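Here are some comments on the model you sent. Please read them with the structure open.

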Amino acid sequence: MFGEYSLGELGSILVMQGFAGLILFSVFLLMALGLAIIFGQMGVINMAHGEFMILGAYMTYLCSHLFEAYLPSLYGGYFFAAMIIAFLAAGALGLLVEWALVRRLYARPLDTLLATWGLSLIMQQAFRSTFGAREVGVELPQWMMGSLNVTGSIEVQINGLFVMGLTLLITAAVAVLLFKSKWGLQVRAVVANRTMSGAVGIDTRRIDRLTFGLGCGIAGVAGSAFTMIGSTGPTAGQLYIVDTFLVVVFGGAQSLLGTVASALSISQSQSALEFFLTGSMAKVLTLLMVIGLLMLRPQGLFVLKVRR
Amino acid sequence: MISPDKTNEGARKMFEVCNLSAAYGQSEVLHGIDIAVAPGEIVALVGRNGMGKSTLMKSLIGIMPARTGQIAVDGVDVTPLATHQRVARGLAYVPQGRQIFGTMTVKENIETGLVVRGKRAIPQEIYQLFPILAEFAKRRGGNLSGGQQQQLAIARALASEPKVLLLDEPTEGIQPSIIKDIARLLREIRNIRNLCIVVCEQVLSFVLDVADRIIVMEGGRIVHTDTREHVDEAAIARFLAV
């Protein structure tokens, strides 16, 4: 399969596919961050996480239209407002869902799986009823379009760079929150030992709700970023939830660094293989690789070593 | 409602337990426990394995629901409250097996106890009581030795500024020389803070070292109570014999 390319061309292909992989990595990572902190803390697998992302994408779509209609002079900056709105909308819905649904099902993993899957179907239909079944595209402001020519055969897209910068920023913010803030201290205590956290005075229910809201909010921001690489449709979230969950399990659910590393390796192999093989074969190979590694390291890539 | 304890009649009660019973499913394991503790008093609960000591501790802190009865801290009924709310009212718990947060540093472990008081800085007093914890502040809790972990668990409980400190088998898995230190430490804490300490224990020498009053449990009931001065060592030892 490599035969028809020259060495220089192969290099350029690898670099550009690598770059495409980095954009995919950004969306994976933003999705996985939310899923991982929710799963890590509460043991809840949020099957509707993809729909929270798509909610963020639709918010971005709405925002671009609102700016176009009412604030055309500020159109160049609509994306920043859209991200904040996406975060708030998805986060608020997350808080509501936690209060109404998830907190009643703690310690019943199969039931939460089913309930959040049901929620994802409801959300999909709600999107379909509100925005229509057809996929919508979001127009980018002028300054985000186009690409930079690095060499004659290598070019990188500006919006891709923007998404990556955003991902770095959010990952860093989550890391700081987890390791420096009072909320993070409590989250890590609950992850380590839920019963004992209550017995040292941590309101575990409140922390659960905040974590769920934050995780969903980050998914909303992921949705904003997603509008740059894919078109937004009611069921687009489903395509990502499986991959994202793979990232979380592969990385080790309690390690931020593991999540980053596994999102990187999965998205890169996916994107590089996709160019030379078909999309399905790329997926098969990625899955095989993940299964193989998980057989060797069932606890995920990174695990803290302490006495038990 | 609250029945006066004969040995402490007249004294103000900081911690009162009245007719407490608890059950695992249908099988009741605590049958109407009454305990009253004065401020600055150290009470030891002794008894063989399976006599309900740990269950009593768990239902006092709220990890296990009580079936009947009342628990009051400084006159406030905490029975209907969740665990973290009981901590806010002045209960603190050092569990069996210590259960510190292994992946977090020593400093962070202590900070978890501060959350309920809305504080962030660890009081100097805690590091003075446990100098080893100041030295190892940046180490992960899970990498400390058993005795150090026990100190950490006590420090974490003290961080929430309790009025009543509950300890479940603090000497379990700890070498004899350190057991003496822990007894001294508990008395020192009591002297500094004038709090009630309720400790359940099987090591008789530790109990005699630390307690002002000894309560013997058997089959989920209190079967014998004595103050330190009047204690009949042989009688207690008989209760502990298998």
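This is a predicted model: local features need pLDDT of at least 70, side-chain atom pairs count only at pLDDT 80 or more; totals for chains, interfaces and linings use all residues.

**Notes on two elements and one interface**

1. The strands concerned are strand 3 (residues 42–46) and strand 9 of chain B, which run parallel and are joined by four bridges.

2. Ile214(B) also stands opposite Asp226(B), which belongs to strand 10 of chain B. Strand 10 (residues 221–227) runs antiparallel to strand 9 of chain B, and six bridges join them. The hairpin of these strands has two residues between them, and Gly219(B) there takes a positive phi near 55°.

3. Is strand 9 of chain B enclosed or open? Of its six residues (213–218), five are buried, so the strand is largely enclosed by the rest of the structure.

4. Helix 6 of chain A (residues 182–192) is largely enclosed as well, because eight of its eleven residues are buried. Among them are Leu185(A), Arg188(A) and Ala192(A). What do the buried residues of helix 6 of chain A pack against? Their neighbours are helix 1 (7–42), helix 5 (158–180), helix 7 (194–199) and helix 8 (204–226) of chain A, together with helix 3 (106–114) of chain B.

5. Between the chains, 19 residues of chain A are in contact with 25 residues of chain B. On the side of chain A that touches chain B, helix 6 and helix 7 of chain A are the elements that give two or more residues. Helix 6 of chain A gives the largest share, six residues. That side of chain A divides into nine nonpolar, six polar and four charged residues.

Key
Residues are numbered from 1 along each chain as its sequence is written. Chains are lettered from A and ligands numbered from 1 in the order in which they are written. A residue is buried if 20 or more other C-beta atoms lie within 10 Å of its own, exposed if 12 or fewer, and partly exposed in between; C-beta atoms are placed from the backbone. Two strands pair if DSSP finds at least two bridges between them. Two residues are in contact if their C-beta atoms, placed from the backbone, lie within 7 Å. Ala, Val, Leu, Ile, Met, Phe, Trp, Tyr, Cys and Pro count as nonpolar, Asp, Glu, Lys and Arg as charged, and the others, Gly among them, as polar.
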